[in-house]
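Please prepare a short report on the pockets and the open sheet of this model.

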Amino acid sequence: MRRRRTSDALPLAVVALAGLTFALQAQEHPHAPPATVPLQPLAAQVRRLESALGFLGEPLPPAERRALSDAVALADEAAAVARIQSVLDRHVLASVRINPESRVRVEPGSAPPALVEGGTRTFLVKVLNDAGSTAPLRVRSPNSGRVFIPAQGGVGSPEPKMVLTDREVRERWADISLYTEPPMRPRLSGLAVEYVVLQIYSRDAGQRTATLAFDIGQGTQDIGFRNDIDVLFTAAPSHPIRLRVLDETGRPATAAFLIADPAKRLYPSVSKRLAPDFYFQPQVYRTDGDTLRLPAGTFDVTVSRGPEYFVDRRQAVVSGPAEWLVRLARWINPAQSGWYPGDHHIHSAGCSHYENPTEGVLPKDMWPQIRGEALSVASVLTWGPSYYFQKQFFSGRDHPLSTADTLMHYDLEVSGFPSSHAGHVVLLGLQNQDYPGTTRLEHWPTWTLPILRWARAQNAVTGYAHSGWGLEVRSAALPNYEMPAFDGIGANEFIVAVTEPGLVDFISAGDTPYVWELNMWYHILNTGFRTRLS
């Protein structure tokens, strides 16, 4: 390309057109007045957003939730849309505009760039989608823990790399990602305005700069490096809190801790928890002598240990390293009368559990949960999801982690098997977990009677789980003579199996509508069978 000479000056019309283009671009600034968008789909997206933030342990303040509800109820749709955006824009760290040609550029938002050492903070990204794109929005950063290789337009792709230099380690102080799990969506909706959740974990304390780049696919970056911004964050330092947890006799114990700051944010950060801390429950379990880290501030702390203990609620002020002493107190101890607390239906995979890097969680991760709820007997049920991974923990004996006062035993729920349509069967105390002649779940019987007979031959304890599903009746009378549909995963085959002496030990209750589950049980009692209610 040759160098332009003075005599090559652009015509005035072209100069004027360039100025007009610049003016139009200035009008497209993401912080222009609230965009026009239909209220109903925006309100639906906001409800999903509120649910996601609550699940992640960083809910919107109550006043803002009320403001959003009030806005949705306004008769003036344009005013409602404007008010919704004014509330949510306070939490926007970056505003992304996708122009009609699907070019992406980004501008800083108004949310304070505040983080916490060793924790995760949640922000919003506002997407002004002039293209109506439904592609996935992506965020990249050279400061995130994943490796960043620059590409054209400043966007890179994470690639595996075995060794990092000291400089690379220093620069990658954050973990930056968009939260796209339900109730959020992995792709944009195509709505002209929507909000997505951005999560940033900080390894360090103090001031750190991060470059945030957004795109909706290779080649969608706007020209002139306008698809990224530099944000200067300040991460508050966290302090070690040593926990002393003693039971009613003064012995070391494990308890559940639910910790929230005045903004109702949960600690440790929910979304980035690693086992044995689970992201799908608000509490964490800690044993006497364990440590957790908190930033300076005031916290509401709730300590519990299952239904037999009083709940300890306190307010704690953290200004530096500290030690908390928790003395647990019982209000009842049934074991003194020969009754022992237990849970015979615990899952370590398949519900909200991890699928990567392990399929579900390990026995060592289940153990703090069991001890923290003061269970004497805990049956961890392997079932269809992750069955082939989890079955390795079955031994036919109490798990080696068990103690004299707490037993953990891996057992089986026949759920996700060919017979599941006849009811989910729980088998406790099996000696052998593989049904004769089978190597895969698909080979198991298609009804429950053979499975119950096989389990009883091993002296196992047998019963039906979540018994009411599929046994819906409209009547509130107990018992009643309305015929249910038998079309769910409840105790469908129970009325047949119970007629064989000693084949069914219990039927589960308390987790489905009580009339549905008790109606069948009362009829069974009235015909002379004495199956226990669990």
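## Basis

This is a predicted model, in which local features need pLDDT of at least 70 and side-chain atom pairs count only at pLDDT 80 or more, while totals for chains, interfaces and linings use all residues. Residues are numbered from 1 along each chain as its sequence is written, and side-chain values use heavy atoms, with hydrogens and water left out.

## Largest pocket

The largest pocket has a volume of about 600 Å³. A pocket is an open set of points on a 1 Å grid over the protein atoms alone, where a 1.4 Å probe fits, with protein on both sides within 12 Å along at least five of seven lines; lining residues have an atom within 4 Å of a point. Grid points are joined across faces, edges and corners, and the volume is the space filled by probe spheres set on the points.

Lining this pocket are 24 residues, and the closest to its centre are Ser271, Arg273, Tyr279, Tyr354 and Asn356. Strand E6 (residues 174-179) supplies the largest share, 3 residues; strands (E, at least two residues) and helices (H or I, at least four) are DSSP runs numbered from the N terminus. The lining comprises 11 nonpolar, 8 polar and 5 charged residues, where Ala, Val, Leu, Ile, Met, Phe, Trp, Tyr, Cys and Pro count as nonpolar, Asp, Glu, Lys and Arg as charged, and the others, Gly among them, as polar.

## Second largest pocket

The second largest pocket, with a volume of about 510 Å³, is lined by 27 residues. Nearest its centre lie Glu58, His91, Arg121, Thr122 and Arg265. Strands E3 (114-116), E4 (119-129) and E15 (297-304) each give two or more residues to this lining, and the largest share, 4 residues, comes from E4. By class, 18 residues are nonpolar, 4 polar and 5 charged.

## Open sheet and packed helices

An open sheet of 5 strands runs in the order E2-E1-E4-E7-E6, with mixed pairing; two strands pair if DSSP finds at least two bridges between them. E2 (104-108) and E6 are at the edges with a single partner strand each, so one side of each has no neighbour in the sheet. Neighbouring strands are turned by 25° against each other on average, direction ignored. E4 pairs with E7 (residues 193-202) in the antiparallel sense over 10 bridges, and valine 125 has valine 196 in E7 as its bridge partner.

Helix H2 (residues 39-55) packs on the sheet and touches E4, E6 and E7, its direction making about 15° with that of E7. Contact means heavy atoms within 4.5 Å; axes are lines fitted to C-alpha atoms, for helices over the stretch in contact, with angles from 0 to 180 degrees between N-to-C directions. Helix H4 (residues 77-88) lies across E1 (92-98), E4 and E7, at about 5° to E7.
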